[in-house]
Amino acid sequence: MLEELRITGLGVIDDATLPLDSGLTVITGETGAGKTMVVAGLGLLFGGRADAGRVRADVGRAVIEGRLRCSGRVAKAVAARVSEAGAEPDEDGSVLLARSVSAEGRSRAHVGGRSVPVGVLADIGARVLAVHGQSDQMRLLQPAEQLATLDRYAGADHEKLLAHYREVFAAWRRHDAELAERRANARERNQRADLLRLGLAEIGQVDPQPGEDVELRALAQRLEHTEGLRAAVAAAQQALAGDADDPTAGTDASALLGAARHELDAQAEVDEALGELSGRIEQAARLVSDVAGELASYAADLDADPARLAQVHERRAALRALTRKYAEDVDGVLAWADDAQRQLAELDSSDETLAALEAERDRLADEVAELAGRLAVSRREAAQRFGVAVSGELTGLAMPHAKVVAQVLARPPAAGTPTATVDGAPAGAGPDGADEVELQLIPHPGAPALPVQRGASGGELSRVMLAVEVVFAGAGGPPTLVFDEVDAGVGGEAAVEIGRRLAMLARRHQVLVVTHLPQVAAFADRHLVVQKGSSGSVTTSGVRVVEDSERARELARMLAGLPNSDLGVAHAEELLAMARSGRGRRR
């Protein structure tokens, strides 16, 4: 849940802190006092669109901060997203969120004190918060949103089926697009393929080997400088091991090391340290002997064959012809060939390839049609349960004779898309299946079922929205729910029942409600009042928790605009007593 919310520099709010708690929290106040800015601040905190026009000019920057504490599955999901963003929760497990917006429209987001993209706040908000207001009621009127609403209600098995359907449909669409593209651009593909084949044939004829150009360069240098190399090797070998044909030619390293060792060995009995040094000279003598032997082998392998040198130059010229066309070196040429082979497979527009691609596309289309049929069956079953559940909630919202029907209709078939069979009739499959959903309202027995946007008044639409949310709450949903004046256009007994339903939601969720109705506010576990100061702005002292007699006076103000009227306060106390008996106290 959200434990605290601080807002500075937003709209009429200069600097205000809202202490929040579990259960039902209502926020009330005079019109224009800043209640809507509280909801706007929540939207910003959880990744909503930044509106620089709401930033107070005298401050130049709006800052919204909130402390979030979650539990269970939601806590794990939030912690994983926070960790992925490079931040960490506090030691007590809570997460500090912050969002700032400048008067120029620049926006910054922070999680756990670390700067993050705004999308991270949106991801967290999608897991922990749902905001419902007049705009959300308008969204509920959109067919796509009604379909998504039913899918969320249908349950985990349905969501898995829908996810699988979307994967298969996306694969079908990729194959269909690739087949159309190959057929439409067959000539250009074939021309490109011919050029690649020519290049591969040229490379194949030369048959370069990895690193061959480097090896040939070194070999050519040895062949071109054979005499110089041979003279250097002979001189070095003589210096190390002497001249075998002329022992009197001079003193070599091996002889000198032997003489040094002989002198030390003669005195080793006098000082053992000389014996150790003699052993090390012996090791040096063996190393000199090994090097002399390797020099002899190197000299024997030196080849001054002009024909061999000509072959090397010819091979290097063939490799250079490839590197001039395809890459900087032989390894790059080989990489080009590998990439060309891959491109050839993609460019292949032969009849066999097109037939195989068409067969796979048709197989996927059949699977799409089969899954769409299963989705349709699942949606119709969920629609039946959904309609009964929402209608039952409407009974408790002073609409006892109204019924909500989630009508699942088959989409008309469309050219170029898979066709599913739903209830024995053809239906066109789309990204979310072959169904269209329309929420319909039957306001009383005998009345025709009409789409909710045509059959419901403003007050009825508010109650339908609340009923839908109560049904969702029974199936899970985010832990914090925010309602921004969804009770507009409602009064009397219906307002009491809305308050009762919100209190029911608060048994499983943290519920925040901005309301003008005292009947709703009476059911609150915590009642916050927002007041503007004499300067016209809301400060920290302008948001306060009201209890007992102070709460009764606030309800009296909401009832009749007379907070100090004895009759109004008595009426408010009666309303509070009714709310306590009607829902049971949470505290």
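This is a predicted model: local features need pLDDT of at least 70, side-chain atom pairs count only at pLDDT 80 or more; totals for chains, interfaces and linings use all residues.
A residue counts as partly exposed when its relative accessible area lies between the buried limit of under 20% and the exposed limit of over 50%. Arg67, with a relative accessible area of 26%, is therefore partly exposed. The salt bridges number 33, and the largest nonpolar core has 58 residues.

- Arg67 pairs with Asp90 in a salt bridge whose closest N and O atoms are 2.7 Å apart.
- This pair links distant parts of the chain, 23 residues apart: Arg67 belongs to strand β4 (residues 61-68), while Asp90 sits in the loop between α2 (72-84) and β5 (95-102).

- Asp151 and Arg379 form a salt bridge, with 2.9 Å between the closest N and O atoms.
- The two residues are 228 residues apart and connect distant parts of the chain, Arg379 from helix α14 (residues 351-395) and Asp151 from helix α5 (residues 143-154).
- Arg379 counts as buried because its relative accessibility is 0%, and Asp151 counts as buried at 6%.
- Glu393 and Arg501 also meet through their side chains in a salt bridge, at 2.6 Å from N to O.
- Because Glu393 lies in helix α14 and Arg501 in helix α17 (residues 492-505), their pairing ties together parts that are 108 residues apart in sequence.
- Both Arg501 and Glu393 are buried.
- One network, joined by salt bridges that share partners, contains Asp151, Arg379, Arg380 and Asp435.

**Nonpolar cores**

- Within the largest nonpolar core, the residues that touch the most other members are Leu24, Phe386, Leu394 and Leu502.
- Helix α16 (residues 458-474) supplies the largest share of this core, namely eight residues.
- Leu394, with neighbours within four places in sequence set aside, is in contact with Met399, Pro400, Ala402, Val404, Leu441, Arg463, Val464 and Ala467.

Notes: Residues are numbered from 1 along each chain as its sequence is written. Side-chain values use heavy atoms; hydrogens and water are left out. A salt bridge is a side-chain nitrogen of Lys or Arg within 4 Å of a carboxyl oxygen of Asp or Glu. Helices (H or I, at least four residues) and strands (E, at least two) are DSSP runs, numbered from the N terminus. Buried means under 20% relative accessible area, exposed over 50%, partly exposed in between (1.4 Å probe, protein chains only). A nonpolar core is a set of buried Ala, Val, Leu, Ile, Met, Phe, Trp, Tyr and Cys residues joined through side-chain atoms within 4.5 Å. Contact means heavy atoms within 4.5 Å.
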